Amino acid sequence: MGDLLWLLGLLCGSLVVLSNGEFIEMSQYHRMPKLWQMDDYDECLESPGPDEPTGVYCSVSVVLKPNNRSELWKLIEEFSSDYKRHYNHQVLKRGVCIRRCQKAIEKLSPAERNALTVEPFPIDVRYKFNDGILKDIPTYRAAYQDVVEICVNKELNDTYGLVAHTEILSCDKSTDELVIDALDMSFLIVLCALLCFVTVSSWYDSSINYKRTSDHYRQPLDSKRKMVWVSFSIQRNWYRLTSRSRDELNQKLRFFQAFRFLTMSLVIFGHAALLLAVTPTTHSEKLERMMHNVGSMILTNGVQITQTFLGMSGALLAIQFCSFAEKRKGKVSFLYVPFAILYRYVRLTPVYAFVILLHATWLLKLQTGPLWRWGAETEQTFCRRNWWTNLLYINNYVHADEPCVQQGWYLGAEFQIFIIALIVLVTIVKIPRAKVPILGLVLIAAYIIPALFIYYQKLEGTFVVTLEAQRYILWYDKFYLHAYIPTHINFGNYIQGVLTGVIYNELQKRSINLAQSKAFRAVWYLTFAIIPLSMLPSYMFYVNNFPTPSVWMAAYFVVSKNLYGIGVGIVILGCIYGMNGVVKRMLNYPFFEPLGRLSYGAYLVHPFVMRYMFVSVRGPVHYSDLLTLSLVFGATVMSCLMALVLCLLVELPTTALQNHLFGSFKEQKSNHVDPETVTNGNINPGFEGKKSEL
């Protein structure tokens, strides 16, 4: 809903608001230089003739030199000063064909060239990614920097009466060749090995299916050795992916699969909005105009959607753990915690590592384009440098400004909170009389700790998502690094999810049916309106610069963020008790079962897919609402298809092997079906010997 309002917001209005509250006509807006301007990439890199120079195409960052005598510069400076809602129009992006530039300036005299060469001036704004990420950039700058600066400044001076400092960000040559190194080959070896395992395992499983029935793939085999051999069987894993449990608890919680898929779709929608700000568009003013609509706060606060996964994760963990503890009559040792952590790590990591290896190797080689190197080579560099932070699940703290698989910040935060929550649950089971005080103290800590960080780091009362920060994919944005991805910021909604699960367990013990409560029914329906409306007040932080540090802003941040988690908990409880029959039937449709189980893989691969749809563009694009919706729909479908491949190739086979390797850690072996319970990277441990069939 929030993303839909954002798209509608792009259609509204024909004026742009300045920071002083006045309006300027669009004709005034278009007096400013375009944020994006690009030469034809493919024409520039066409194979040159025998006597023609090599084609070179460079992406360039342009920083306008201040000129207080220029009325246009004053307009640019004033408009850009509203940094929370506008791009910095002092910083422009250009795609330059070196051959065209050389022809454009070849007739200039030395004096004219000198006049268009800008002496260094202080630059206190972000205008590029950090140096040392892309290869060969110093070589390209030494060869073409002067040509590019004179060429760009000639156009700026002739058209706008301004000049600028230019800096080459990346270059492509028509003579560039594909280079394959040892790490690239290692990915191919791993991929071929997995394909061989699947082929052999599927053949073996089929060869021992003597009765030629589909039931063979649904039943366990008569020895552990045979079960290991068929772990990669595509027929057996397809059944695990598409099966439905008849267990009463799992039937009650089946709606989680729909929640996962729908939330995953909204995540893709939100990332499409981010990429609109990152990639070249012909109408950037629409994005800036949207930031002046109060309703757009539902979109900008739509980053809260990941809190849905945290709430669901905490609720499932608590429900499953309480069920496990009851079956053991409360006899759960703290020694269980390291086993559960290891069990969970082994489940999460193989497919995650496979995606990291893909990003570190073949992502860069699968496409070209004027933006492709900074969109893909940056990812390759970071994954080769910082892969270990991902596999240790500390990437939301360590090298967070150089992220490998950037969406993996959630996996790091969630894994860390899982450990804390598991210790809390074991504690309240061992000391049942202290359940309420312990949960109360943990919940208070979940509110106070982030509030203290917001206060002492002098941050504002909401995660301010600026267009300018999005141009650099939020890597260097202090709000993103300190008020969005850290574990201590996201701790509250997970713990509130745990509290939801504990409340459900207590209601079950007391045979209380919330569906019979008129008061809860009213609260459940109101939640769907209150949560979106609660995001609107954040607009005040976009139009004001309140002094920091501030106690009231720290309190507002924590309350507004965790209010979302409270709403998620209420919705979960209502869905468990079937508060609305129509909604329950819709969420329990069979097709949500496999889609929900594919959510983890889709979460991991959707940025890979979206890079091809957005970052591979050859020039500025006019993104209409219909085109944006089409791209989002296509990204969702392609992400699910890639997730299906990952699921059958890596995820389900490795979890099947894990079930056999961890056999001594399991209590029950009667339930042999092992579908995935995936919540955007959140896989709950097998409290009953195998993963739940949710």
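Cys58 is buried, and so is Cys171. Here, buried means under 20% relative accessible area, exposed means over 50%, and partly exposed lies in between (1.4 Å probe, protein chains only). The structure is a predicted model, in which local features need pLDDT of at least 70 and side-chain atom pairs count only at pLDDT 80 or more, whereas totals for chains, interfaces and linings use all residues. Residues are numbered from 1 along each chain as its sequence is written, and side-chain values use heavy atoms, with hydrogens and water left out.

### Disulfides

The structure holds four disulfides, a disulfide being a pair of cysteine sulfur atoms within 2.5 Å. When the bonded cysteines of the protein chain are numbered in sequence order, the pairing reads 1-3, 2-6, 4-5, 7-8.

| Pair | S to S distance | Angle about the S-S bond and hand |
|---|---|---|
| Cys44 and Cys97 | 2.2 Å | 85°, right-handed |
| Cys58 and Cys171 | 2.0 Å | 105°, right-handed |
| Cys383 and Cys404 | 2.1 Å | 90°, right-handed |

The link of Cys44 and Cys97 is right-handed. This pair connects distant parts of the chain, 53 residues apart: Cys44 belongs to helix α3 (residues 41-44) and Cys97 to strand β5 (residues 91-97). Helices (H or I, at least four residues) and strands (E, at least two) are DSSP runs, numbered from the N terminus. Both Cys44 and Cys97 are buried.

The disulfide of Cys58 and Cys171 has an angle of 105° about the S-S bond. It joins distant parts of the chain, with Cys58 in strand β4 (residues 56-64) and Cys171 in strand β6 (residues 164-173), 113 residues apart.

A disulfide also joins Cys383 to Cys404. These cysteines are 21 residues apart and link distant parts of the chain, Cys383 lying in helix α17 (residues 372-391) and Cys404 in the loop between α17 and α18 (409-430). Cys383 is buried, as is Cys404.

Cys196 is partly exposed, with a relative accessible area of 46%. For Cys575, the closest cysteine sulfur is in Cys322, at 20 Å, and this is likewise too far for a bond. Cys575 counts as buried because its relative accessibility is 9%.

### Packing of helices α5 and α7

Helix α5 (residues 98-105) packs against helix α7 (residues 137-160) at an angle of about 65°, and their axes are 9 Å apart. Axes are lines fitted to C-alpha atoms, for helices over the stretch in contact, and angles run from 0 to 180 degrees between N-to-C directions. The crossing of α5 past α7 is left-handed; a crossing is left-handed if the near helix is turned anticlockwise from the far one by less than a right angle, and right-handed if clockwise.

On the α5 side, Ile98, Arg100, Cys101, Gln102, Ala104 and Ile105 take part, and they meet Tyr144, Val147, Val148, Ile150, Cys151, Lys154 and Glu155 of α7. Contact means heavy atoms within 4.5 Å. By class, the contact of α5 with α7 comprises nine nonpolar, one polar and three charged residues. In this classification Ala, Val, Leu, Ile, Met, Phe, Trp, Tyr, Cys and Pro count as nonpolar, Asp, Glu, Lys and Arg as charged, and the others, Gly among them, as polar.

### The annotated region

The UniProt annotation "domain: Acyltransferase" (unreviewed entry) covers residues 255-646. UniProt positions are given in the numbering used here, feature names are shortened, and annotations may be inferred rather than shown by experiment. In the model, residues 255-646 are 72% helix and 0% strand, and the end C-alpha atoms of the span lie 23 Å apart.

Phe415 is found in helix α18. It counts as buried because its relative accessibility is 7%. Not counting residues up to four places away in sequence, Phe415 touches Ile341, Arg344, Tyr345, Leu348 and Tyr393. Lys365 is 50 residues from Phe415 along the chain, and their C-alpha atoms are separated by 32 Å.

Glu460 has its place in the loop between α19 (435-456) and α20 (467-471). Glu460 counts as buried, at 7% relative accessibility. With residues up to four places away in sequence left out, Glu460 touches Tyr83, Lys84, Ile454, Phe479, Phe541, Asn544, Asn545, Met553 and Phe557. The C-alpha atoms of Glu460 and Leu631, 171 residues apart along the chain, are separated by 33 Å.
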